[in-house]
Every structure is written in C-alpha cells, then in structure tokens.
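Student: I have a model open and want to read its fold from the coordinates. Can we go through it piece by piece?

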Amino acid sequence: MAAVVWIGTSWKMTKTLGESRAFARSLAAAPVPEGVQPFVLPAHTSLAAVRDCLPEDSPVLLGVQNAHWAPEGAATGEISMRMAADAGARLVEMGHSERREQFCETDDSVSRKARAALDAGLVPLVCVGEPAAVRDAGQAEEFVTAQVRAALSRLLAEEVADTIVAYEPVWAIGEAGRPATRAEVSPVTAAIARESERLGGGRGCRALLYGGSVSVDNATVLLEDPHTSGLFVGRAAWEVEGFQALMAIGGAHAARVDI
Ligand code: PGA
C-alpha cells in the first residue's frame, strides 16, 4: 500500500488576489506525484479565488490559517469555521507560534478551535512546538506533549484520527530560524505520536507533519523520520516551482516507502 506524504504550505500574510490566482493556475496545470497529498492555506482574501482556479476534482486541499471557534457573532476581524468551509476550506490551521506570540492564541483557544473545526466538518491542523529556551532546558518533549494534550482535550478519542498535528519548533521557523536536524526532530515527533495514540485510544492523529525552514535541501532527510508523514512549508513553497519541487521529493519518498 502506498504511503501518503502530505506536502502543504501556508502563505501567511503574502499574496494579492492576482498572485494567488497565478500560483493556483500553475498548480492546476501541474501533475501531483502519486502518493502526495498537497494542501495550500491562502490568506482569507484569496481562498475562494484559489478554489475557483482549481478544477473541481483537484487533489489539492485548501484551508485557512485561522478561524474562530464561535459559530457566528460579534468577533471583529474573525471568520467562523462555517464561513471558512463555505469559501473552500477543508483544513483549519490553529496554534501557529506566530499566532500564539502576536495574537494571544493559547492552548485553550486552540482546543476550542479544534472542537469547532470538527463540528463544522473541517480537519484541524494543530501546530505545536517549543521555544529555544525550552529546548535548551531539555524540556522539548514534555512541553510539546502538553501542548498536544491540551489541544485535543475537547475531542473524543475517535476524533483524534481526524486531526493533523504539525510539529514546528519555534526556533526553526522563518527568516531568523535555524533548520532543525532529524536528530532534533525525531524524539519530539515520537513523543507526539505516543501522546496522540494514547489520546486516540491506540489510533494516532491522521498525519504528523514537520514544519520550520523546510527546503529542498532538507526535505528528504526530514521525511525519513519514521513518525513524520509530511511537511508544512512556508517560504520555500511560496513560489509554485518550490512547491512542485517539494511535491516531487514527497512523491519520491512515497515511492521508496511503498510496502
Ligand atoms: P518557514 O515557515 O518554512 O518559512 O520557516 C514555516 C511555518 O511557519 O510553518
């Protein structure tokens, strides 16, 4: 059976409508390698336009980078899960360290969002990851395990299998980030897999992704981590050529681990 390798990108706060459509049209024209599950999280302003540029049977899953847990109402600047789904989202990212740092996202709000996403028929994509000081103190596994436990605390055991977790060490993300080595990643992804299996009554989360300074140079090595089922990419996938190169690496990995 072929393994599924998830290759996805959040565009963060980049791309106008025109830039989003150009990316989506190129993506629509390119074949997706066998075994790869691509996903793209545009800005809210571009989501529906990107959906409309992709064929109806496109394998590319779309999502949002954030949505509120409440069904509707007085929450200025936010969108609901239902609004996200209506505009084309199948996935909802939550708990990214940029949102934890800049927008006061907490473990509690992440768990509310995970609950609300599932209630709206969307897949929660929960980001977890330790700051540098926590890693330096030797507490990365403990810290991230606690984040996973909190994020999934409002879910039934059987719902854990509908959830994606992305391990994104804070010190590895963005321009100032240092790419993580496989040796740094593996003990933490093993801990996440253990915790999600415990919470899921033996069945872990649907996918466990790694993110933070992923590039074509380190993607192959990172995918070799036995607990990692895909990559969640920022800068290296913001040009469609970069995204395609990473999908090709994902496809080659899927073919290698074919059983
Ligand atoms: P980066 O972003 O790949 O640009 O480091 C990763 C992320 O924030 O998910």
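Student: Which strands, in order, form the closed barrel?
Tutor: This is a predicted model, where local features need pLDDT of at least 70, side-chain atom pairs count only at pLDDT 80 or more, and totals for chains, interfaces and linings use all residues. Residues are numbered from 1 along each chain as its sequence is written, and side-chain values use heavy atoms, without hydrogens and water. Strands are DSSP E runs of at least two residues, helices H or I runs of at least four, numbered from the N terminus; pairing takes at least two bridges found by DSSP. With parallel pairing, the eight strands run β1-β2-β3-β4-β5-β6-β7-β8.

Student: Which residue in β8 stands opposite Trp 6?
Tutor: Strand β1 (residues 5-10) pairs with β8 (residues 230-233) in the parallel sense, over four bridges. Opposite Trp 6 stands Gly 230.

Student: Within what arc do the buried residues of α7 fall?
Tutor: Buried means under 20% relative accessible area (1.4 Å probe, protein chains only). In α7 that covers Ala 140, Val 144, Thr 145, Gln 147, Val 148 and Ala 151. They line one face of the helix, because seen down its axis, by directions to the C-beta atoms, they fall within an arc of 160°.

Conventions. Buried means under 20% relative accessible area, exposed over 50%, partly exposed in between (1.4 Å probe, protein chains only).
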